[in-house]
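Here is a short briefing on a structure. Please keep the sequence and the 3D view open while you read.

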Amino acid sequence: MIIGSLVLEETALLELVDAKPNDVVYVSGSLVEGFGNLGSDLDVYVISEKVTIDTPYFEHGIPVQVKQFACRRVDVEYWTFAQVEQLATRLDQLSFGSETEVATYLKINEEDFVHRLKIGMPVTDRDVFQSIRDRFNYVAFRHSQVNRYLAKYSNMLEDAIGALESEDWESSFWMSRSAWEFALQAYLAFHGETHINPKWMSRKVVRLGDSTLFEKYKKFQRPQIQTEQDIADYVESCLEFANDLARQAQEWEGILS
Amino acid sequence: MMDQKPKRHFTVQLRKIQNETYLICKQDVFKLDEIGLLIWDACDGTRTVAEIGNQISARFTEVDASEIQNDTLLFVNELVESGLVKLA
């Protein structure tokens, strides 16, 4: 298995994890997504009928082992088939009618799981892995991500305007930048980028292939600010950009069935 | 006013909730219909009110153009008075 510049011996990888013969094992994370670097760790997932490993580490109740493989840190998460099915069912049942429903969406580690399953590379039986991957409704997943980021954009935009009106210049600067970052995350999620970690946002903008958007991204990430008037101008143009992105991220007609 | 170019105010966000479109500005919420949304989208500071009216007329050829121009003017005026749009 080749992941970027990393060559993984699958049998050696299987020896690293506590997997039984019928378990599903796959690798995922930023390296698999093509964004990793020399310091990036590798994420391995094991799905079993029953998890029996002994570990002191848990993330949101999910057992995790931390290991070393090919000079990299490897995080191994252990899920049961029942937990995975339960997650897929919850995703099927999500409703997108109002903003208050955002609170009912998947938790961060669950979103992580769905995203990493979507981009994962199987180590064990490909057909079984594919059937698990196909069980998830990725349009609903995208929609939940868009709504989550839009809710954050909306709140942050109101805060930025409040700060601007109060002449709290520093706060209005950071809040408006934050508002457009959330709007950009919503926009990227609308275009199929799920679970947008801010550290990879510029790479995801580049991957979208819109050079105008990338130029704007750089402009708003690296503004030349000297005076209070510069901040006021930045806040205005930044929020205009945020509003445009948020507007486009809500065009679901024809996408949702 | 027909020669002026309306531009959406940066404090106004558009949200689509349960198949309805709303403009939200601080504590105020305004509901938009299909034509209102077309006009709102066109208020980007590059088109005059007359040009926006022409754009709407092109979409709804069955309606009298002068009627659309007048309705567009009234609607943009309403947006301006509500502080949602500014004129350049």
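A:Arg135 is partly exposed, with a relative accessible area of 28%; partly exposed is the range between buried (under 20% relative accessible area) and exposed (over 50%), found with a 1.4 Å probe on protein chains only. The model is predicted, so local features need pLDDT of at least 70 and side-chain atom pairs count only at pLDDT 80 or more, while totals for chains, interfaces and linings use all residues. Residues are numbered from 1 along each chain as its sequence is written, chains are lettered from A and ligands numbered from 1 in the order in which they are written, and side-chain values use heavy atoms, with hydrogens and water left out.

**Confidence**

- The model scores ipTM 0.90 and pTM 0.89.
- Chain B has a mean pLDDT of 93, and 100% of its residues reach 70 or more. pLDDT is the predictor's confidence in each residue, from 0 to 100.
- Helices (H or I, at least four residues) and strands (E, at least two) are DSSP runs, numbered from the N terminus.

**Salt bridges**

- Over all chains, the whole structure holds 23 salt bridges. Each has a side-chain nitrogen of Lys or Arg within 4 Å of a carboxyl oxygen of Asp or Glu.
- A:Arg135 pairs with A:Glu85 in a salt bridge, at 3.0 Å from N to O. A:Glu85 sits in helix α3 (residues 81–92) of chain A and A:Arg135 in the loop between α5 (126–134) and α6 of chain A, so the pair ties together parts that are 50 residues apart in sequence. A:Glu85 is partly exposed, at 37% relative accessible area.
- A:Glu215 forms a salt bridge with A:Lys218, with 3.3 Å between the closest N and O atoms. Both lie in helix α9 (residues 211–221) of chain A, three residues apart, about one turn of the helix. A:Glu215 is partly exposed at 47%, and A:Lys218 is partly exposed at 25%.
- A:Arg247 forms a salt bridge with B:Asp41, the closest N and O atoms being 2.5 Å apart. A:Arg247 lies in helix α10 (residues 228–248) of chain A and B:Asp41 in helix α1 (residues 34–42) of chain B, so this pair joins two chains. A:Arg247 is buried, at 13% relative accessibility, whereas B:Asp41 is partly exposed, at 29%.
- A:Glu33, A:Glu193, A:Lys204 and A:Arg207 form one network, joined by salt bridges that share partners.

**Nonpolar cores**

- The largest nonpolar core has 39 residues. Such a core is a set of buried Ala, Val, Leu, Ile, Met, Phe, Trp, Tyr and Cys residues joined through side-chain atoms within 4.5 Å.
- Residues with the most contacts inside this core include A:Val146, A:Trp180 and A:Leu239. Elements giving two or more residues to the core are α6, α7 (169–190), α8 (201–208), α9 and α10 of chain A. The largest share, twelve residues, comes from α7 of chain A.
- A:Leu239 touches A:Leu157, A:Ala160, A:Ile161, A:Ser176, A:Ala179 and B:Phe10, not counting residues up to four places away in sequence. Contact means heavy atoms within 4.5 Å.
- Another core, of 24 residues, lies apart from the largest one; among its residues are A:Tyr26, A:Leu87, A:Val102 and A:Phe113.
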